[in-house]
Structure formats: C-alpha cells, structure tokens
Amino acid sequence: MKSGQESTWFAQEFTSTEALWKVRAFSKTERGQEQKVLLRASKRTDHKSGKPLKTLTIGDEEVNLIQDTLWSKIRHQFEIRDDFISNKNFSFTDLQEGGGKGGSLMAFTRNKLFIVKELSDGDHNTLLKLSKVLVDHLLKEDSIMARFFAHFERSSGQKYVVMNSVLPRIKGLKWTYMFDLKGNRDDKLMIKAGQPVEAIHNRCWNICSCWFGCNGACECLTTDERQEYYSGKLFAFSTIFTVSPSQREEILRRMDKDIKCLRDKMETMDYSLLLSVLEIPFSKFENGLSEAETIALATSRYICISDEGRSKKVVAYFFGIIDFLQEWTTTKKIARCIKAFAPKPLSTVPPPLYAEQFYGSFSDKFQGDGKKFMLPEIVDLDNKDKELCKEFLNTLDKDNNGTIEISEAMQLLPKVLRPDLFLQSLDKNKDQKISMDEVFTWYKGIKQRENENKDLGKSLLHAIIQLTKKEMTAHSFSDFVSTLDRRESLKNSKRQEMKEDKKEDNKVELDKKISTGTEEDCVD
C-alpha cells in the first residue's frame, strides 16, 4: 500500500496473531474483466469525433437512427463499435415486458452490457426535445444516470433506445438486495437474498382492493403475496445504506449534479435509483471468495466495512438513475389529485418537489458510519520469495513429490506454529494435501498485508523455516511473532493518528483563511 493511502482491513488483521495463519491472497479480477460486466467511459474528451450513422444493424434488422449526430458522441466516449448489437448479441424476439408500470418491452443483449427498450410516444417525444441537453450532461464522466447509445425506429414505426445496464450482470452472483428507489412511497424491493420479489400491485382504479388509506395493512382484501410485496416496499422506503464518510460525500455530490439537470434543464420527474447490494460476511474472506464475488468487488466503486464483531461484513453497492424521461404532464397532474389523501411522499409531484424529495431521501439513506474497504494490489513473487516457499515445502516433503499430506505435516510442525490453523488455511483445494501453488497463494496473502514493510513476508516465512528445521526455539518464535504483531499494530495506530492530525491541520488552515483571508481565498 502506498504511503498516505487509507488503511485497509488487511493491515488491521495483523492485530491478531492467529490471523497470520489464516490469511489468503485476494486475487482481483483481471484488468478488462470490469469491461465485461459493467461499461466504463474512456477518458476521451474529443466527443465531436464520434462518427454519426444513418442506419445501424440491430439484431438481424437494419433500423433508422434518430439524431445520431448526438448519440454517436456517447458511443465514441465508451469506445463502442458500430457492430455492438448485431444478431450475435441481440434478437428482437427476446423483448418482453420489463415489469414496470408502463409495461414497455425490453431485453438485455446476450453479453448483458446493453438493454434495448421500447419507447412510448411520450418518452420518444421527450427524448427528441431534450436530446441535446441530455447528451451534454451524459458526456460528463461523473454522472450516475444511465447512458443512451442509440435512439432508433424499426420499419414498424416503433421507437426504441439502446442503453447501458447500470448494474453488472455477473454469472453466478446473487444480490443480497435489489431496490427500485424514488425517495417516496413508490420505493420497492425487487430482490431479497438472491430471489425476486413478485410485484403485486393494488391500483387506485381497482375498487375491489383496499388501496385507499389501507395500503396492504389490513388482511380483508389482500393476499399473502401482496402482504409480502407491501412489506418489501416498507423495507425499501425505510432502509439505510452504510458507506464511509468520503463515499457518502462523493455519492451525494454526483447525485446532486444529476438531479439539478433533471430538475432545471430537463424538467422531468418520476425517475428512480436502481440499486443493488452485495453483503459478504467478513469471516468469509478467511476461506476465499467465489469468482462472482471477486469480480463484483473488483467492479464496485463503493465498498465499505459495516458493523463489528460477528456481524461484521463487507458491503458493495452498484446503482444508477434510470427512467428519467417523464415530464410533468396533465395525466400526472390528474394522478396527483386522485392520490391527494394517499400516504406521503408521493411520486406524482412537480419536478422541483420531486427533486427535493429524491435528494433528501438519499441524503438520509446513505449513512457515513462505515469504513472504506480498499482492494489490495495484486502482488507477484520474486525469485527470493519463491525460493523461500520452496525451501519451506521441501522441509516437510520427505517423499520429494511436490506435495505434503496434512496429517503428516501436523506431526512435523511445532505446536507453537498452530498447525491446525496454518495447514487448513493453506489447503486451498480442501483435499488434505498442500502443493507449492497453495504455499504461493498463502505467501501472496502475507505480502498483500505488508504495507510499507516490504520485508515482512520474507521475515515471517524465514522464521517459520528456522522453526521447522529446529534452528529457532518455540519460545524465540513466539517472541518474534508477538514483536511482529505489536510493531504492525503500532504502525497502524500511528497512521491513524497522522491522518487525524492532517484533518485537524486542514481544518485549522481553513478556519484561518476564513477569519483573515479574502473571499477568493476560501473558494477552494
């Protein structure tokens, strides 16, 4: 970890001696894997060089593009090729109702990066009117709004957009939760513990349901499914999301910029924050994560450590603003009147009030009580590292076959080394044997926790070898490990103190500027 970088839980693990025997290398997904599960904008600023097209092959159809002098800029920014949605990646036969109130048809492309969505006449006209404003805003890298890459018309006359998926589609990953959040009583829970929550609506025009004033609380005219769905809505409306203080500040800053555009320039409302949560118990890191979890953590921009003790967990968030083309129409004004006595806050309110509700809700939901989780950098073993690992394995490998049986190694390793913890941690394949690759994996885990002390791993493994060869006594080894533990803990404490002192110095400097400086001095 580079000097000055925020401490991670890897460094904090050294406050427990037992943790030294339970560490494992955390392997981030390969560079480029992020691009396979979630689109990222490039650093390009030459947006004008995107080549506009008149037609595009989508699926097996040639469609007419609409206002592509604008939308081609976003494709260019994301380095998207013209054949990104050919028949190998999409078919119009995949379209089906998306599950929202509008009932628009939509479908993911086969690589799960894009969504093709049908537009209502109202959304199509809104997009025609606001495309210039919207494109200018979506070219800003910091926006959390979904990007549109093409607006097109089929030969049938039906209009569509191609947009990115704001959530990664990772094979084998089960979300802890997925929400559709509007900052009002229309919030809903879509997935719980990896399972979809079926939407059972009670519409205001359905006179045979307890919609008005009841909202599912009574049991006279609602089913068990409706009760479960309604409970999920209450949970979605009231739940909070724990992030670090700096993450909360950044999320709200990015959201504020988008909301101001939606409120002041586009004058739309009824948009949502689509948000997924992945919770991983902290204890699971000792035994290794699944490939899907590893990819998710490597892809998420916001990961934090939440809670303490047995409930301690790592939480990753993914989100984006969607469905932002709804204008304040006569239909929405009538709906507001119909819902005049429904529980507040409502979704059918004018854009300025909707924006205020939306931002206020997430300002409350995102709580900065967590600690920032930082992924370790990938480490490589040099020749000295590998020679040490081989020496350790050879010390125990009496048959010289490249592996050792745990049962035999248990008899050879001194008790002070805690072979019950150490050997089981090394056995990555759970086959009661330990290979050189497994020793390498454990040793990489130690190196990932080295921070500024780049010789920590070598010192520890060298001491283990000396102990195993009986060149070091058990008492000396215990003293060595205890000293190592205290030294690393002290370093962590000093880092934290320095960080707090730096914060205080910055605050004093700012107060000084405010009291003695000009207005320009304080702008930054």
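Predicted model: local features only at pLDDT ≥ 70, side-chain atom pairs only at ≥ 80, totals over all residues.
User: In what order do the seven strands of the open sheet stand?
Analyst: Two strands pair if DSSP finds at least two bridges between them. The edge strands, each pairing on one side only, are β10 (195-196) and β18 (371-372). The pairing in this open sheet is antiparallel, and the order is β10-β9-β8-β13-β15-β14-β18.

User: Which helix packs on the sheet and touches β13, β14, β15 and β18?
Analyst: The strands touched include β13 (272-281), β14 (302-306) and β15 (313-322), and β18 is also among them. The direction of this helix, which spans residues 245-266, makes about 140° with that of β14. The helix is α6.

User: How many bridges join β8 to β13?
Analyst: On one side, strand β8 (residues 177-181) is joined by four bridges to strand β9 (residues 188-192), with F179 opposite L189. Towards β13, L181 has L273 as its bridge partner. Both β8 and β9 and β8 and β13 run antiparallel. The number of bridges from β8 to β13 is five.

User: Which residue takes a positive phi in the hairpin of β8 and β9?
Analyst: There are six residues between the two strands of this hairpin. One of the hairpin's residues has a positive phi near 75°. That residue is G183.

User: Why does β8 count as largely enclosed by the rest of the structure?
Analyst: Burial is judged from relative accessible area: under 20% is buried, over 50% exposed and in between partly exposed (1.4 Å probe, protein chains only). Across the protein's 524 residues, 48% count as buried. Strand β8 is largely enclosed because the buried share of its five residues is four.

User: Which residue just after α3 takes a positive phi?
Analyst: The phi in question is about 55°. Its place in the chain is just after α3. The residue is E79.

User: Which residues does N87 contact, leaving aside neighbours within four places in sequence?
Analyst: N87 is in the loop between α3 and β3 (96-97) and is partly exposed, with a relative accessible area of 45%. Its C-alpha atom is 9.7 Å from that of T109, 22 residues apart in sequence. By contact (heavy atoms within 4.5 Å), the partners of N87 are G59, D60 and R110.

User: What distance separates the C-alpha atoms of A199 and Y230?
Analyst: A199 lies in the loop between β10 and α5 (224-238). At 35% relative accessibility, A199 counts as partly exposed. Along the chain, A199 and Y230 are 31 residues apart, and their C-alpha atoms are separated by 8.8 Å.

User: Which residues have the most contacts inside the largest nonpolar core?
Analyst: A nonpolar core is a set of buried Ala, Val, Leu, Ile, Met, Phe, Trp, Tyr and Cys residues joined through side-chain atoms within 4.5 Å. The largest has 99 residues, and β15 gives the most to it, with eight. Beyond four places in sequence, L134 touches W71, L127, M145, F148, M266, F324 and L325. The residues with the most contacts inside this core are L134, Y317 and F324.

User: How far apart are the axes of helix α13 (residues 436-448) and helix α14 (residues 456-468)?
Analyst: The two helices pack at an angle of about 135°. Their contact is made by W442, Y443, I446 and K447 of α13 with L456, G457, K458, L460, L461 and I464 of α14. The distance between the axes is 8 Å.

Key. Residues numbered from 1 in each chain as written. Heavy atoms only, no water. Axes fitted to C-alpha atoms, helices over the stretch in contact; angles between N-to-C directions.
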